[in-house]
Amino acid sequence: MKIAIFGQYYQNNTAEIVTKVVAFLEANTISIAFERSFLEILQEKNIVKNDYPSFSSYAELDANFDALISIGGDGTILKAATFIRDKNIPIIGINAGRLGFLATVQYENIEPLLQKVIQKEYIISKRSLLSVRTNPEYDNFNELDFALNEVTVARKDTTSMITIDTSLNNEYLTSYWADGLIISTPTGSTGYSLSCGGPVLTPKVASFVVTPMAPHNLNARPLVITDDTEISLKVSGREEQFLISLDSRIAAVSIDTTVYIKKASFTISIIEFKEETFLTTIRKKLLWGADKRN
């Protein structure tokens, strides 16, 4: 068995997690490869003392990897997805942060749940993604023209709202006068969209959510659409540019740019355990049932 490890050294408990993960994998004679920048940080801080094989790009991962362990929060998994892309390597999210809907493996459960990985006692959750293209063509995202959580258009360099003319499958829907507009996947429905009033979608729902950000018209509500819908957005406003974000990747584009969004041609696989299912996670994270009257 061969496992890749990716992380970001932001949390105080990262060292303990890495130490426990490496010790378990080595004790079970599992081959390890670290993402190169992460390995350099760990070696610099003397958390990892040995040399390990490393990778730094999508091209360096192949079908020989059985899984990728992401150490961090949900944002770390979003970055891990840029290494995986269409290679169908499942991701195991170990939570080193606070609120994790994707990174659900807690420190105290690392060893028993990794043992389940070895024994293949887990569920693969296929997560849909969004792909983006623009007219005129904008190549700043290059091959990273996809998002696991959401695609957002938003105002830039102004406190004034922008107008977003929105069409679904070439049929005009409405013009949102707002700070921006979020197009989210089911995975992203528990992220930015949720904080802007969007609904929670379960991962297998074949839908996307269109959620306005602080709309001027209070009757502009989040809209659930089928995931075979192509969305086109045309922004107008007082400034010459607006922002497009694909998960954590942000770029400024000219106001005359039309943005086309549709379902990506591939999925990302997330490893889930029956001890930490999606429903268990949202119940814990959103404190459902915490009211004593329940």
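Where is the place of Gln8? Gln8 is found in the loop between S1 and H1; helices (H or I, at least four residues) and strands (E, at least two) are DSSP runs, numbered from the N terminus. The structure is a predicted model, in which local features need pLDDT of at least 70, side-chain atom pairs count only at pLDDT 80 or more, and totals for chains, interfaces and linings use all residues. Residues are numbered from 1 along each chain as its sequence is written, and side-chain values use heavy atoms, with hydrogens and water left out.

**Gln8 and its surroundings**

- Gln8 has a relative accessible area of 13% and is therefore buried (buried means under 20% relative accessible area, exposed over 50%, partly exposed in between, with a 1.4 Å probe and protein chains only).
- Leaving out residues up to four places away in sequence, Gln8 touches Thr14, Phe38, Ile71, Gly75, Thr76 and Lys79, where contact means heavy atoms within 4.5 Å.
- Gln8 and Glu275 are separated by 267 residues in sequence and, from C-alpha to C-alpha, by 25 Å in space.

**Nonpolar cores**

- The largest nonpolar core has 31 residues, of which Ile5, Val21, Leu25, Phe34 and Ile69 touch the most other members; such a core is a set of buried Ala, Val, Leu, Ile, Met, Phe, Trp, Tyr and Cys residues joined through side-chain atoms within 4.5 Å.
- At least two residues of this core come from each of strand S1 (2–7), helix H1 (14–27), strand S2 (31–35), helix H2 (36–44), strand S4 (67–72), strand S5 (91–95) and helix H4 (110–118).
- H1 gives the most to this core, with seven residues.
- Leu25 touches Ile3, Ile5, Ile30, Ile32 and Ile69, when residues up to four places away in sequence are not counted.
- Another core, of 26 residues, lies apart from the largest one and has Ala220, Ile225, Ile231 and Val253 among its members.

**Helix H3**

- Helix H3 (residues 74–84) is mostly covered, with nine of its eleven residues buried.
- Those buried residues are Asp74, Thr76, Ile77, Leu78, Ala80, Ala81, Thr82, Phe83 and Ile84.

**Aromatic rings and charges**

- Five aromatic pairs are found in a search of the whole structure (rings of Phe, Tyr and Trp, the last by its six-membered ring, pair if their centres lie within 6.5 Å; planes under 30 degrees apart count as stacked, over 60 as edge-to-face and the rest as tilted).
- The ring centres of Phe55 and Phe83 are 5.7 Å apart and the planes stand at 85°, so this pair is edge-to-face.
- The pair links distant parts of the chain, with Phe55 in strand S3 (residues 54–55) and Phe83 in helix H3, 28 residues apart.
- Phe55 counts as buried at 1% relative accessibility, and Phe83 counts as buried at 11%.
- Phe146 and Phe266 have ring centres 5.4 Å apart and planes at 80°, so they too form an edge-to-face pair.
- Phe146 lies in strand S7 (residues 146–147) and Phe266 in strand S17 (residues 258–272), so the pair ties together parts that are 120 residues apart in sequence.
- Both Phe146 and Phe266 are buried.
- Phe6, Phe55 and Phe83 are linked into a cluster by ring pairs.
- The charged end of Lys87 sits over the ring of Tyr58, 4.2 Å from its centre (this requires NZ of Lys or CZ of Arg within 6 Å of the ring centre and within 35 degrees of the ring normal).
- The charged end of Arg133 sits over the ring of Tyr260, 4.2 Å from that ring's centre.

**Strand pairing**

- Strand S9 (residues 162–168) is mostly covered, with five of its seven residues buried.
- S9 and strand S10 (residues 171–178) run antiparallel and are joined by seven bridges; two strands pair if DSSP finds at least two bridges between them.
- Leu168 stands opposite Glu171 in S10.
- Two residues lie between the strands in the hairpin of S9 and S10, where Asn169 takes a positive phi near 50°.
- S9 also pairs with strand S14 (residues 231–236), in the antiparallel sense over six bridges, and Thr163 stands opposite Ser236 in S14.
- Six strands form an open sheet in the order S13-S12-S11-S8-S15-S16, with antiparallel pairing.
- Strand S13 (223–226) and strand S16 (249–254) are the edge strands, each pairing on one side only.
- Strand S15 (residues 241–246) pairs with S16 in the antiparallel sense over six bridges, and Phe242 has Val253 in S16 as its bridge partner.
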